[in-house]
Amino acid sequence: MSTSLNYKSFSKEQQTMDTLEKQLICPICLEMFTKPVVILPCQHNLCRKCASDIFQASNPYLPTRGGTTVASGGRFRCPSCRHEVVLDRHGVYGLQRNLLVENIIDIYKQESTRPERKSEQPMCEEHEDERINIYCLNCEVPTCSMCKVFGAHKDCQVAPLTHVFQRQKTELSDGIAVLVGSNDRVQGIISQLEETCRTVEVRIDSSAPQGQVEGASGSSDGAENEPARHVFSFSWLNSLSE
């Protein structure tokens with residue numbers, strides 16, 4: 001139970017971090033925002049350097065110094081919503097910094113640099129430094145060695161987790177094989193029943209016409225035998241007269 005909870009928690013945390021990272025991507029450089037981050041009047045964010053690059057591209061004839069536009073004022077469009085951004089005499093340096101986004105970036109980087117727990121080596125909830133490596137046969141849950149020695153499973157029977165895994169895997173494979181064999185037998189019986197039903201239907205369909213034919217042939221045979229009976233009677237009378 002604790003192992004499944006660890007997996008779910010790890011997966012949920014990873015999804016949260018991935019979603020957060022997508023929100024921290026600059027639409028110009030397609031990288032995580034580089035401080036300082038400026039917020040536009042339309043509430044979209046840009047790296048200040050990227051905002052300066054857009055401004056220079058939109059105003060190519062303005063004088064620059066060291067790659068930075070030195071003229072005051074100007075305008076450019078937001079790359080996300082195409083809203084027109086009008087700059088004052090301070091240029092892109094007059095745009096307000098988004099300190100909240102910058103703080104979120106710092107927190108994200110700190111969380112990203114923490115050592116991650118590998119999903120293939122789940123850790124015990126009670127003893128965070130211990131790997132789950134044994135299986136409690138009484139409680140039917142995976143646990144760690146410390147739980148067996150000092151914890152809740154000290155009076156339980158345990159087995160190596162790998163051995164239990166292989167045994168349960170074999171039992172599951174055998175069960176699947178039995179189910180497959182049973183399914184094949186059931187399908188064979190169903191096929192036989194369907195064939196029997198078709199045979200019965202054919203016999204039922206052919207029985208009515210056959211009876212009519214037999215009735216007709218019987219009447220014709222009677223008509224043919226009638227003269228024979230007369231011939232026999234005449235020959236018998238002739239023998240008596242002689």
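This note goes through the structure above in numbered points, from the overall layout to single residues.

1. On the basis of the note: the model is predicted, so that local features need a pLDDT of at least 70 and side-chain atom pairs count only at pLDDT 80 or more, while totals for chains, interfaces and linings use all residues. Residues are numbered from 1 along each chain as its sequence is written, and side-chain values use heavy atoms, with hydrogens and water left out.

2. On the overall layout: the protein has five helices and nine strands, where helices (H or I, at least four residues) and strands (E, at least two) are DSSP runs numbered from the N terminus. Read from the N terminus, the order of these elements is α-β-β-α-β-β-β-β-α-β-β-α-β-α. Of contacts (heavy atoms within 4.5 Å) between residues at least 6 apart in sequence, 41% join residues at least 24 apart.

3. A residue is called buried under 20% relative accessible area, exposed over 50%, and partly exposed in between (1.4 Å probe, protein chains only). By this count, 21% of the 242 residues are buried.

4. On the largest nonpolar core: a nonpolar core is a set of buried Ala, Val, Leu, Ile, Met, Phe, Trp, Tyr and Cys residues joined through side-chain atoms within 4.5 Å. The largest one has 22 residues, of which Phe33, Leu46 and Phe76 touch the most other members. At least two residues of this core come from each of E1, strand E2 (45-47), H2, strand E6 (84-87) and H3, and H2 gives the most, with four residues. Which residues does Phe76 touch, not counting those up to four places away in sequence? They are Leu40, Leu46, Ile54, Phe55, Ser58, His83, Glu84, Val85 and Leu87. As a general point, nonpolar side chains tend to be buried together in soluble globular proteins.

5. On the cysteines: how many disulfides does a search of the whole structure find? The search finds zero, a disulfide being a pair of cysteine sulfur atoms within 2.5 Å. For Cys50, the closest cysteine sulfur is that of Cys26, and the 3.8 Å between the two sulfurs is too far for a bond. For Cys156, the closest cysteine sulfur is in Cys136, at 3.7 Å, which is again too far for a bond. Cys50 is buried, with a relative accessible area of 7%, and Cys156 is buried as well, with 14%.

6. On His153: this residue is found in the loop between helix H4 (145-149) and strand E9 (158-160), and is buried, with a relative accessible area of 11%. Leaving aside residues up to four places away in sequence, His153 touches Cys136, Cys139, Val141, Thr143, Cys147 and Lys148.

7. On the salt bridges: the structure holds six of them, each being a side-chain nitrogen of Lys or Arg within 4 Å of a carboxyl oxygen of Asp or Glu. One of them joins Lys35 and Asp106, with the closest N and O atoms 3.3 Å apart. Lys35 lies in the loop between helix H1 (2-23) and strand E1 (37-39) and Asp106 in helix H3 (residues 99-113), so this pair ties together parts that are 71 residues apart in sequence. Lys35 is partly exposed at 43% relative accessible area, and Asp106 is partly exposed at 28%.

8. On two salt bridges inside helices: the side chains of Asp53 and Lys49 meet in a salt bridge (3.3 Å, N to O), and because the two are four residues apart in helix H2 (residues 48-58), about one helical turn separates them. Asp53 is partly exposed, at 34% relative accessible area, whereas Lys49 is exposed, at 62%. Arg167 and Glu171 also form a salt bridge, their closest N and O atoms being 3.5 Å apart, and they too are four residues apart, in helix H5, or about one helical turn.

9. On a nonpolar surface patch: Leu172, Ile176 and Val180 make a patch of about 280 Å². Patches are made of residues with over 30% relative accessible area and no salt bridge, like charges being joined within 9 Å and nonpolar side chains (Val, Leu, Ile, Met, Phe, Trp, Tyr) within 5 Å. Leu172 is found in helix H5 (residues 161-241) and is exposed, with a relative accessible area of 56%.

How values were computed:
Areas by Shrake-Rupley, 256 points an atom, 1.4 Å probe, with all protein chains shown as cover.
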